[in-house]
Amino acid sequence: MGSFKKIIYAVLVVGLIGMGFFAAYVYKVVIRPNTAFQDAQKVFFIYTGEDYTSVEARLKPLLENISTFRTLAKRKKYHLFVKAGRFILKPGMNNNDLINTLRSGNTPVLLSFNNQETLPD
């Protein structure tokens with residue numbers, strides 16, 4: 001009976017260590033801030049017809065670790081559905097926030113005509 005308990009304890013210890021490594025990996029990829037700029041915000045444009053590789057190449061100078069962004073983008077399938085638009089990136093954003101912003105955080109450009117009362121027909 002004593003050796004059975006030792007095996008159970010060993011399996012539990014190895015499992016806890018494995019869970020610790022997995023938690024550290026998830027923190028590094030998903031939760032840890034990944035922006036490399038200190039400005040109040042960066043405006044990032046994705047142009048019509050642009051694919052994931054060009055978006056990733058243009059994001060590279062703005063990120064501390066592009067490989068963790070790439071890992072989560074593939075996991076969340078962002079690389080398949082890149083949308084054009086204007087996006088506001090803030091310092092301290094993590095990869096999850098970045099991908100969610102690039103998916104659905106399109107900020108419209110406000111346009112106003114100050115020199116006309118009405119538009120001519």
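This is a predicted model: local features need pLDDT of at least 70, side-chain atom pairs count only at pLDDT 80 or more; totals for chains, interfaces and linings use all residues.
Let me start with glutamate 64. Leaving out residues up to four places away in sequence, glutamate 64 touches Arg32, Pro33, Asn34, Thr35 and Ala36. Glutamate 64 sits in the loop between H2 and H3. At 52% relative accessibility, glutamate 64 counts as exposed, because the cut-off for that class is over 50%. Phenylalanine 37 is 27 residues away from glutamate 64 in sequence, and the two C-alpha atoms are 8.8 Å apart in space.

Let me now step back to the overall architecture. The protein has four helices and two strands. Read from the N terminus, these elements follow the order α-β-α-α-β-α. The radius of gyration is 22 Å, well over the 14 Å that the globule rule gives for 121 residues, so the protein is more spread out than a compact globule. Along the principal axes, the C-alpha atoms fill a box of roughly 90 × 30 × 25 Å. Helix H1 covers residues 2–31, and helix H4 covers residues 95–104.

Some totals for the chain follow. Of the 121 residues, 25% count as buried. The accessible surface comes to about 8,800 Å², and 61% of that surface belongs to carbon and sulfur atoms. As for charge, there are 16 positive and 8 negative charges, and their mean positions lie 19 Å apart. Taking contacts between residues at least 6 apart in sequence, 70% join residues at least 24 apart.

I turn next to the interior. In soluble globular proteins, nonpolar side chains tend to be buried together. Here, the largest nonpolar core has 20 residues, and those with the most contacts inside it are Phe44, Ile46, Leu59, Phe69, Tyr78, Leu89 and Leu102. Strand S1 (42–46), helix H2 (52–59), H3, S2 and H4 each supply at least two residues of this core. H3 provides the largest share, with four residues.

Beyond residues up to four places away in sequence, phenylalanine 69 touches Asn34, Tyr52, Leu59, Leu63, Asn95, Leu98, Ile99 and Leu102.

Asparagine 95, one of those partners, is found in helix H4. Is asparagine 95 buried or exposed? Asparagine 95 has a relative accessibility of 0%, and therefore counts as buried. Apart from neighbours within four places in sequence, asparagine 95 is in contact with Lys28, Val29, Val30, Arg32, Asn34, Thr68, Phe69 and Leu72.

Arginine 70 also deserves a comment. Arginine 70 lies in helix H3, and at 28% relative accessibility it counts as partly exposed. With neighbours within four places in sequence set aside, arginine 70 is in contact with Tyr52 and Glu56. The C-alpha atoms of arginine 70 and tyrosine 27 are separated by 15 Å, and these residues are 43 apart along the chain.

Next, a residue in the loop between helix H1 and S1: glutamine 41. Which residues does glutamine 41 touch, not counting those up to four places away in sequence? They are Ile88, Leu89 and Pro91. Leucine 89 lies 48 residues from glutamine 41 along the chain, yet their C-alpha atoms are separated by 5.5 Å. Glutamine 41 has a relative accessibility of 42% and counts as partly exposed.

I close with a point of backbone geometry. Lysine 77 is in the loop between helix H3 (66–75) and strand S2 (85–89). The phi of lysine 77 is near 60°, a positive value in a residue other than glycine. Lysine 77 is partly exposed, with a relative accessible area of 48%.

Technical notes. Residues are numbered from 1 along each chain as its sequence is written. Side-chain values use heavy atoms; hydrogens and water are left out. Buried means under 20% relative accessible area, exposed over 50%, partly exposed in between (1.4 Å probe, protein chains only). The radius of gyration is taken over C-alpha atoms; the globule rule is 2.2 Å times the number of residues to the power 0.38. Contact means heavy atoms within 4.5 Å. Accessible areas come from the Shrake-Rupley method with a 1.4 Å probe; for residues, only the protein chains shown count as cover. Lys and Arg count as positive and Asp and Glu as negative; His and the chain ends are not counted. The place of a charge is taken as NZ of Lys, CZ of Arg, CG of Asp or CD of Glu. A nonpolar core is a set of buried Ala, Val, Leu, Ile, Met, Phe, Trp, Tyr and Cys residues joined through side-chain atoms within 4.5 Å.
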